[in-house]
Amino acid sequence: MRLSKVLFLGLASAFLYVGCKTVPLTGRRQVAAIPNSELVAMASQQYAQVIATGPLSQNQSSVNQVRRVGNRIKTATEKFLYDNGHSELLEGFEWEFNVIAEPTVNAWAMPGGKVAFYEGILPVCKDDAGVAVVMGHEIAHAIASHGNERMTQGLAQQLGAVALSEALSTKPEETQALFLQAYGLGSQVGAILPFSRLQESEADKMGLVFMAMAGYDPRVAPEFWERMSALSTGEAPDELLSTHPSDERRIRELNEYMPEALKYYKN
């Protein structure tokens with residue numbers, strides 16, 4: 001084996017070892033090697049750009065709804081993490097909830113509690129409980145470091161085993177593209193990196209717990225995903241459908257986990 005290949009494999013092994021973390025609730029070990037502080041800083045910058053370009057929704061009722069639900073999910077998420085010894089995941093968080101005036105059926109959350117809903121998804125949500133399904137699911141992706149996990153994989157595959165700080169200084173455009181893709185904004189730079197089935201399952205379970213702790217009935221979640229699934233029977237699916245598979249398996253797994261989620265629900 002050539003020395004350069006041995007060196008690369010050694011660096012890659014160290015890179016993966018240092019980045020090994022545990023996902024809250026599920027306990028799965030994952031490789032998410034990028035420091036949260038650096039991701040939070042990148043998220044803050046990218047989110048500011050999104051909000052600046054907008055256009056932001058002028059429907060105050062929709063904005064109030066998303067922020068009302070968002071703050072309740074935020075409080076529940078923070079309590080869950082503190083109660084279960086994962087408070088370090090909230091370091092640097094400055095929560096924001098905004099609505100973008102576009103018909104896209106989509107929503108996303110980035111590190112630092114930066115959340116955006118698009119007007120197009122609100123009719124599918126129908127009410128506060130439906131918004132809570134999406135809010136809990138997307139925040140769960142961020143809390144579980146799924147974007148970090150995907151970006152770590154992308155850095156290892158495309159840029160080699162290098163630190164993010166080095167990648168930012170030597171390959172800023174490639175690094176920014178990976179960040180946008182990892183957090184569901186990849187339509188600006190190429191195909192969105194898909195969440196794995198395992199990551200989706202984790203976000204579903206964590207999202208149910210977060211919404212239940214916030215006082216929303218988790219039993220509405222399968223109904224929401226049935227409505228989302230119905231949208232895919234038409235023309236090309238929207239962004240949320242392209243990265244979040246809405247299928248019979250998801251709905252079945254949600255129902256199977258429901259007894260556990262209901263333990264957190266106090267109406």
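Student: Why are helix 3 and helix 5 called oblique to each other?

Tutor: Helix 3 (residues 60–83) and helix 5 (residues 128–143) pack at an angle of about 45°, with axes 9 Å apart. Angles under 35 degrees count as roughly parallel, over 145 as roughly antiparallel, 65 to 115 as roughly perpendicular and the rest as oblique. The pair is therefore oblique. One caution: this is a predicted model, where local features need pLDDT of at least 70, side-chain atom pairs count only at pLDDT 80 or more, and totals for chains, interfaces and linings use all residues. Numbering starts from 1 along each chain as its sequence is written, and side-chain values use heavy atoms, without hydrogens and water.

Student: What makes the contact between helix 3 and helix 5?

Tutor: Helix 3 brings Gln65, Val66, Arg68, Val69, Gly70, Ile73, Thr77 and Leu81, and helix 5 brings Asp128, Val131, Ala132, Met135, Gly136, Ile139 and Ile143. Contact here means heavy atoms within 4.5 Å. By class, these residues are nine nonpolar, four polar and two charged; Gly is counted among the polar ones.

Student: Why does glutamate 223 count as partly exposed?

Tutor: Its relative accessibility is 44%. Buried means under 20% relative accessible area, exposed over 50%, and partly exposed in between (1.4 Å probe, protein chains only). Glutamate 223 is therefore partly exposed. This residue sits in helix 10, and its C-alpha is 8.4 Å from that of isoleucine 251, 28 residues apart in sequence.

Student: And how much of the whole chain counts as buried?

Tutor: Of the 267 residues, 50% do. The chain has twelve helices and five strands, and its accessible surface comes to about 12,400 Å², 52% of it belonging to carbon and sulfur atoms.

Student: What share of the contacts joins residues 24 or more positions apart?

Tutor: Among contacts with a separation of 6 or more, the share is 71%.

Notes. Axes fitted to C-alpha atoms, helices over the stretch in contact; angles between N-to-C directions. Helix = DSSP H or I, 4+ residues; strand = E, 2+ residues; numbered from the N terminus. Areas by Shrake-Rupley, 256 points an atom, 1.4 Å probe, with all protein chains shown as cover.
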